[in-house]
Amino acid sequence: MSHLLEVRDLEVKFALRFGDITAIDGASFKLDRGEKLGLVGESGAGKSVTGFSIINLISKPGYISKGKVLFEGKEISSYSDEQMRKIRGNSISMIFQDPMMTLNPVFTIGFQMVETIQAHRNISKAGAEKIALEKLKKVHIPSPEQRLSQYPHELSGGMRQRIIIAVSLLTDPAIIIADEPTTALDVTIQAEIMDLLQELCASDNMALILITHDLGVVSQVTEKIAVMYAGKIIEYGPTDQVVTYPVHPYTEGLIKSIPGNVVNPGEDLVQIPGMMPTLTNIPPGCAFNPRCYLRQAVCTKTTPELKDVGNSVMAACHMRYKGDGRTNQ
Amino acid sequence: MFAFIIRRILQAILVMLVISLVGFSIKNSIGDPVRDLVGERVTPKERAAMAEKLGLNDPFSTQYVRFLKNALHGDLGTSFIYRKPALEVILKHAPATIELVLGSALIIVIFSLPLGMYTALKPRSLFSRFVMGFSTLGVSVPVFLTAIGFIYLFAVTWHVLPSYGRGETVDLFGNGYWQTGFLTIDGLKHLILPCISLASIMMPLFIRLIRSEMMEVLETEYIKYARAKGLSPMRIWFVHAFKNTLLPVVTVFGIQIGIMFAFTILTETVFQWQGMGFMFLDAVQRADISLLIAYLVVVGSVFVIVNTVVDVMYGFINPTVRVAGTK
Amino acid sequence: MKKLVLCVLSLFLVLSFSVGAGAKTLKVGLAADPVSLDPQVQLSGGMLQLSHWVFDPLVRWTQDGQFEPRLATKWERINEYRVRFYLRQGVKFHSGNDFSAKDVKWSFDRMKKSVDFKGLLEPFVGVAVIDDYTVDVVTAKPYALLLNMATYFFAMDSEFYTGTDENGEPKDAIKKTTHTFANDNESGTGVFVIKSYEQGVKTVMTRFADYWDTKSVGNVDTFILTPIKENATRVAALLSGDVDVIDQVPPQDYERLKSDKNTSLVTINGGRIITIQMNGNRFKPFKDARVRNAVVYAINNAGIVKKIMKGTVEVAAQQSPPGYAGYKETLKPRYDLKKAKALMKAAGYEKGFEITMMAPNNRYVNDAKIAEASAQMLAKIGIKVNLKTMPKAQYWDEFDAKAADMMMIGWHSDTEDSGNFSEFLTMCYDKTTGMGQYNSGYCNKKVDELTIAAQSEIDLKKRADMLQEIEQILYDDAAFVPYHWQNHAYGALKNVKVKPILNSMNFPYFGDLVIE
Amino acid sequence: MTKLQKFKESYFLYSFKRDKVAIGSFLILVTLLMLAITAPWIAPMNPYDAENIDIMNSEIPPMWSEGGESVYPLGTDNMGRDMFSTMLYGLRTSMIIAGGAVLLQATLGILVGLTAGYFGGRTDAFLMRMADIQFSFPYLMVAIFIGAIFQVVFGIGSYERLAVPLLIVIIGLAEWPMYARTIRASVIGEVNKEYVEAARVIGLSRPTIMIRHVLPNSLTSVMVISTIQVANAVMSEAALSYLGLGMPVTTPSLGSLIRSGFEFIFSGSWWITVFPGIWLILFVLVINLLGDWLRDVLNPKLYKG
């Protein structure tokens, strides 16, 4: 049986006037119905681009240069825009980062919800409004009837993100891709939104791809995790395994830098020295090598491949391929 | 909303006061109106006597207070050259300009919206480049050259369109105020060249404005989100992007309509179009200062009205700006 | 709905009007249209033109400068002070009233009250009615130009203009800036009746059914007059056939109208002298006749005529155009750069000087260009000219203030006589008498004396000698820079025979116009 | 890194080098500028010096036409000036006037627009009504008025010398509301956005926020208007010349040349109309093309990728 979603060796390039640069370099992962996957990395690591490339909605100069995206066994990465449109917002919905910017300021909430349903279902306006109302209730919005006639700017950020979640639920999708859904919100609201997402996935058996820089959130929500660095997935596996026993030094560094969620309480928070390279000047060999405390000569020459390192975890690190190398800690 | 309108009316009155004051203080630089009313052989003594009789020699304050007093009764003075209440003269000239502006506004809207949007959506297509190049050319040619060029081709060389004036007009309300050229074939024919000439300078501005605004809107998150929702491109362009593009365009359009209404001097002069701009130039050249001051006051009120309407409209299209509740 | 029906109906009405069977319609585009319907409200070319269409004078000028009987059939001098006019009988006003001697007297008396005309009528005592169809025109002093003045005696319908209008104002009131009955209504004896008059937009006239002059060859039934201010547009309107006749064709378009297969050009001498005056009160060196002469010698007015006026006007060396009593044939245009430089040197200005010059830019034909060319020419003898040109509305103020060292002025004699030039342009300026009203500085007592004496000299030979002597003095003194006498240029479609109806006074008699 | 190096590696230069239209326009503009600056040295004659001009040489056709003379490559105008030289000098005058006037307009307009849009309320109402008042006075009236004051203060003798700054002031004063209204509109759109809020929160002063943060976001509209306003300024000056309120007839600008072209359109002397027309169109065209390009480059949203 095929997976709900499978991304195989995805490569995304941006055609700039300087020449092409690679934003995603050979990313692969799988997702099953009801499963939750976390895509983690610093900003610029390519996690958002990965998310957008699933529904083939990369901003203009970007394009998928290699690899495949399979949804329910069908290769949707080769779909035309018109075919793709039937999947976007229908089987696969997206939640954007900034709820302030996501809703069109000049249309009412109701308008923007109804048009989404009508884009995918042959349904009357009244019927669509009924669905919209139902979904608004589902995301626990107070007095939902009123909201339909309100404009986005009349609502708070958290409220807007709830509405966007409601919009993404309108067509009962199989997958929701949430791109940093809580970054722009207050901490208290962040938790509410995450709880809501979890609750909805459970009740509707939806799959979730959670794109975030916050390992802490991912570790609480998702079953699987993919860590990205400079356009590559450098560690991929079950969440509890990766978080507890990180293989890649970068993952390790990330986990150590999370306050309140360190592996060994009482330990100092550790910062990863240096900065992630920009896509235009990725160092040769392992992209992480300038910042890596394990660096050897090989790291600056050959690029490590993602290999099975045991316990269903895959990692891309020359220093950690042999057997169980976690003794270094 | 109501408070807003009231405030604007009060402001308008202030504006009018300032305009009339400035108008009064500069009117002596325009020239001596008596000169245009008499033959050249009339002696300076007779001219001085006439100026005295017209009250032109009174002290500034006396003249201004007299003007304000009459203005309170709706009398903005009497035009020397038309020998009629200045307001009546202006109102009789206004329809010509309104029809001219309406005609060219129509042309502008019909062409600049689709062209502007097209060039924004397909900036690299050959047609877009052609449109942009052509519109750049349009801005670069002075309107009086465009106008006389049109006359040269369509009237003088090909004899297909009339060269000047408004042609056959019909009295719209039967009171002599609104002579319309829209209801006769001849009147419409006379409208074509002036409208196109006038539009030729304004249209490029709008094509560019719509293009650049549209391009900016297309880059926004909400447009990307609309695509992520699976909306059709048509809907994204013509519903989502369109309305957001319109906001700044409406502002500029409103202002431009106001400007066109008051100052289509060159187009009207070349086509001998008896509108406001034409009348204004005539008044300047013949030093009809009382008509000029009335004109300034009327134009001032037009601008206040246009701006108010634009602000109100802006509030209607853009829900984030509610005029009444400005912080 | 009702309104719409009305609109459509009136549209049909308008259309049916304009395509009357066989009727000749004349469409004329003039640079300016009449400012009123009252022939006595303003003394200007446009008003006199209208007067000739709608009213009739006692006599009028012919193309060759003769008098043609109109409302007066003949006239005779009774004595030094008195000329008797015998009036035409059976003439009707547009109102249906009969024309008679009382109308002539009434019109004259009214004209005397007009600010514009009273100066012109100064020599006259009045009009005496002898019988219904005979009047005597009486002057205070012997007056040689009585017939010339009779061309201004247009007959107004005394009955029609008597009484009060709906506002209670007397119908005969003459007012420039407010509504009067006469400003908007007319009843003359002229060939055209005003059908509609909208100032600055359009005047429509139709041929008067009871017009007395049944011998007129004119065949225009409807005469539509539209003002077209912009020169290029006016020319375009003719070239496109939208109008049949235009006036004030700019010289640069002469060739075009002549060569176009549909149009023709007619120019006719106009007698308006174009000059630039030198103000010795403002700029001392101009008090020196040598400097003034140098300026005159430096300016190639023949060149200006050839290039700017396209050679269609006569180069001037004096005020009076040929044919006038004062015209002195021996006075020739002088252009001699060497002599000019020599004169400058003799006056002690070898290095030249800097002066200011002002000229209007919409008053005379190519006025600004003439001034500019003059500045070029003066530069060649070391005179640096700071030239400012401006619209006439502002120019008159500047002229009255004598704001520049050199100022342009043109003049057309109201009386078609030489004396008039001196009275306005070259006599010493006198505030009380109003003489020298357009003289910006030159003053010579001898000129004054001669001009005044010529006014009441009725011996035409003697008078001509005096007037010619004036021209000689002015010539020797270089009182002003003479350029040329401006002409009247009309363009017309080929089938419109405009030539026979023109005259140097610029009164096109459209009543006699033949359209083929 | 030196400034020069920085510039060499900038995206600005990079994208310029890739755009043929931009390079072409830039080259033409530079050429025009050079021609204008060096006009006194390269022009065959000085058309502003009355001594050089002879009316007898007027309306000579271009050298390749019948009757043309090689001394006057593009013929002469109706006053006997060499067309080529006059176009060079006229361009120079027009460039100075248009540049100065647009600079003045933009400075005034941006200042007023920013203040009005940012502060809102009474300030806004006051400034916008000021703009309305200014709008109600066409540049014609401004020209007549300022011209009259000028004449009283300086006398007509110096008119020729001071006409250029005078016209800059007239056209600059007459059209600033154009900028003010537009800038205000876009500022109002920007002011409520979060980055402004953020800037305010971190304690930046109001002028800093306005100039460093709000203004750059309004620049798109400024670019659009400016390129058009340069053309407008040339045209306004032409219109003023037509009414005798522009450059003195003895020192024609491009605008006054076009105006004479208008008079000569029906005469056979086509070169008087055609050459200055092409000259002006070329000038305005390259400005507009460069403006288009500049706008695309300066707009950060368009090149972020």
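**Entry 1: two helices of chain B**

I began with helix α7 (residues 143-157) of chain B and helix α8 (residues 185-218) of chain B, whose axes come within 9 Å and cross at roughly 145°. I noted at the outset that this is a predicted model. I then looked up the hand of the crossing and found that α7(B) and α8(B) cross in the right-handed sense.

Next I asked which residues of α7(B) meet α8(B). From α7(B) I listed B:Val143, B:Thr146, B:Ala147, B:Phe150, B:Ile151 and B:Phe154. Facing them in α8(B) I found B:Leu193, B:Ile196, B:Ser197, B:Ser200 and B:Ile201. Sorted by class, the contact of α7(B) with α8(B) holds 8 nonpolar and 3 polar residues, and no charged ones.

**Entry 2: the domains of chain B**

I turned to the domain assignment of chain B, which gives domain 1 (2-85) and domain 2 (89-325). I recorded 31 Å between the C-alpha centres of domain 1 and domain 2 of chain B. In the contact between them, 26 residues of domain 1 of chain B touch 19 residues of domain 2 of chain B.

Which elements give two or more residues to the side of domain 1 of chain B that touches domain 2 of chain B? I found α1 (2-30) and α2 (33-37) of chain B. The most comes from α1(B), with 13 residues. By class, I noted 13 nonpolar, 7 polar and 6 charged residues on this side of domain 1 of chain B.

**Entry 3: chain against chain**

I went through the 5 pairs of chains that touch, and chains B and C have the most contacts among them. For chain A and chain C I found no contact; their closest C-alpha atoms lie 39 Å apart.

I looked at the contact of chain C with chain B, which takes 43 residues from chain C and 46 residues from chain B. On the side of chain C, the elements that give two or more residues are α1 (2-18), α4 (115-118), α7 (231-239) and α13 (392-400) of chain C.

I then examined the contact of chain D with chain B, to which chain D gives 40 residues and chain B gives 42 residues. Several helices of chain D each supply at least two residues to it, among them α6 (121-136), α8 (159-191) and α10 (206-242). The largest share of the side of chain D that touches chain B is 8 residues, from α12(D). By class, I counted 26 nonpolar, 8 polar and 6 charged residues on this side of chain D.

**Entry 4: a sheet in chain C**

I traced an open sheet of 4 strands in chain C, in the order β4-β5-β7-β6 and with antiparallel pairing. Why is one side of β4 (72-79) and of β6 (124-131) of chain C left without a neighbour in the sheet? I found that β4 and β6 of chain C stand at the edges, so each has a single partner strand. On average, neighbouring strands of this sheet are turned by 20° against each other, direction ignored.

I followed β6(C) to strand β7 (residues 134-139) of chain C, with which β6(C) pairs in the antiparallel sense over 6 bridges. For C:Ala128, I identified C:Asp136 in β7(C) as the bridge partner.

Finally I located helix α3 (residues 101-113) of chain C, which lies across β5 (82-87), β6 and β7 of chain C. I recorded that α3 of chain C runs at about 165° to β6(C).

Note on methods. Residues are numbered from 1 along each chain as its sequence is written. Chains are lettered from A and ligands numbered from 1 in the order in which they are written. This is a predicted model: local features need pLDDT of at least 70, side-chain atom pairs count only at pLDDT 80 or more; totals for chains, interfaces and linings use all residues. Two residues are in contact if their C-beta atoms, placed from the backbone, lie within 7 Å. Ala, Val, Leu, Ile, Met, Phe, Trp, Tyr, Cys and Pro count as nonpolar, Asp, Glu, Lys and Arg as charged, and the others, Gly among them, as polar. Axes are lines fitted to C-alpha atoms, for helices over the stretch in contact, and angles run from 0 to 180 degrees between N-to-C directions. A crossing is left-handed if the near helix is turned anticlockwise from the far one by less than a right angle, and right-handed if clockwise. Domain bounds come from an automatic or database domain assignment. Two strands pair if DSSP finds at least two bridges between them.
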